[in-house]
Amino acid sequence: MKNIRFIFFALVSLLVILPLYTHAENITNQNGVVMTEEEYNNFLKIYTEPYIMTMTQEKYEKAKEYDYSNVKTETIYVETKYNPHLGISSDKIISKEEYDNIKPGLKPNLSDNGAYEETTAKTFSLSLVGSTTWNTIIATATWKSIPSTRSFDVIGFRGYDFRFSEGSQSGTQVYKENGTYKYINYGYNGTNIKKFDNGYGISMNIVNNTISYLQTTTECDVTPTSAHPTIYASYQHAVKDISLSQSQNYSLGPGLGNVFVYPSNIVQYLDGMQGLYLQY
């Protein structure tokens, strides 16, 4: 009888204690947006942690409806060297291990010809969240070492056999200043966006404050118009100061990053980093 009573109380205790361990706590970001742990982990499949922690309520409401069992992602790790004396920029795709070993905030290195050469590093990723009708595409460039030149960088998409949903285009620049993440949002109808039938670009005026983190992101909704459509994404960093109008002097095609086609007098102002693509 004592054994039966002991087993009964043990089961009751287990039922009382178990919810304390199985119930996931909610996460609140710095905008007061409350999300579950499951939602947070799903968001990490397509967004960075700083982006999630600066996500607005409107972006959260949209992101929580995505099908996270149907996500495709491509990522590259890029080391860029720029020689201001020669006006030459060169990119090198490196491994994740090499990228992880780069120390943030690299100082300019003295090149062979005696001119200073700036070395920076960043990741660039492209994600596609599949759905029955509209799919969401997200491109994100995250800097490991903050660039010294901060002018108008351009990020965007070119679609092949994709139709873009007007009004869904958006962009965000996230940076960290004095230990706090801050952000700048770019709307579909703002002056910094240039749209075409087959894609768009957003020119982001990179903040020139003393910052320890920098990321640019753009996303929009697309739907395929053929059986095998392709989406191209590009991020072009301005290695020299340029104006907004200069940064928007492009068409879309197989140009920089397979997205932006600039005239020759503008190309020299951009780093020419290679882009990414995904087939649906």
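Modeller: A residue is called buried when its relative accessible area is under 20%, exposed when that area is over 50%, and partly exposed in between, with a 1.4 Å probe and protein chains only. The structure above is a predicted model, in which local features need pLDDT of at least 70 and side-chain atom pairs count only at pLDDT 80 or more, while totals for chains, interfaces and linings use all residues. Residues are numbered from 1 along each chain as its sequence is written, and side-chain values use heavy atoms, with hydrogens and water left out.

Biologist: How many salt bridges does the rule give?

Modeller: A salt bridge is a side-chain nitrogen of Lys or Arg within 4 Å of a carboxyl oxygen of Asp or Glu, and by this rule the model has six salt bridges. One of them joins K195 to E166, with the closest N and O atoms 2.7 Å apart. K195 is in strand β12 (residues 193-196), whereas E166 is in the loop between β9 (162-164) and β10 (170-177), so this bridge ties together parts that are 29 residues apart in sequence. Helices (H or I, at least four residues) and strands (E, at least two) are DSSP runs, numbered from the N terminus. With a relative accessible area of 53%, E166 is exposed, while K195, at 34%, is partly exposed.

Biologist: Which residue forms a salt bridge with K122, and is K122 buried or exposed?

Modeller: The partner of K122 is D271, and the closest N and O atoms are 3.3 Å apart. This pair links distant parts of the chain, since K122 is in strand β6 and D271 in the loop between α7 (264-267) and β18 (276-279), 149 residues apart. K122 counts as buried, at 1% relative accessibility, and D271 counts as buried as well, at 5%.

Biologist: Where do D100 and K96 lie?

Modeller: Both lie in helix α5 (residues 96-101), four residues apart, about one turn of the helix.

Biologist: Which residues lie nearest the centre of the largest pocket?

Modeller: They are E58, K59, S168, Q169 and S170, in a lining of 16 residues around a volume of about 320 Å³. At least two lining residues come from each of α4, β10 and β11 (180-186), and the largest share, three residues, is from α4. The second largest pocket has a volume of about 260 Å³. It is lined by 16 residues, of which T48, T75, T123, S125 and T142 are the closest to its centre. The elements giving two or more residues to this lining are β3, α5, β6 and β7 (135-143).

Biologist: What is T54 in contact with, leaving aside its neighbours within four places in sequence?

Modeller: Contact means heavy atoms within 4.5 Å, and with those neighbours left aside T54 is in contact with N29, Q30, N31, V174, Y181 and Y183. T54 is in the loop between α3 (49-53) and α4 (57-63), and at 4% relative accessibility T54 counts as buried.

Biologist: What phi does D161 have, and where is D161 found?

Modeller: D161 has a positive phi of about 65° although it is not a glycine, and this residue is in the loop between β8 (152-160) and β9. N258, likewise not a glycine, has a positive phi of about 65° and is placed in the loop between β16 (251-256) and β17 (260-261). D161 counts as partly exposed at 29% relative accessibility, and N258 is partly exposed with a relative accessible area of 35%.

Methods:
1 Å grid on protein atoms, 1.4 Å probe; cavity = no way out; pocket = protein on both sides within 12 Å on 5 of 7 lines; lining within 4 Å. Points joined across faces, edges and corners; volume = space filled by probe spheres on them.
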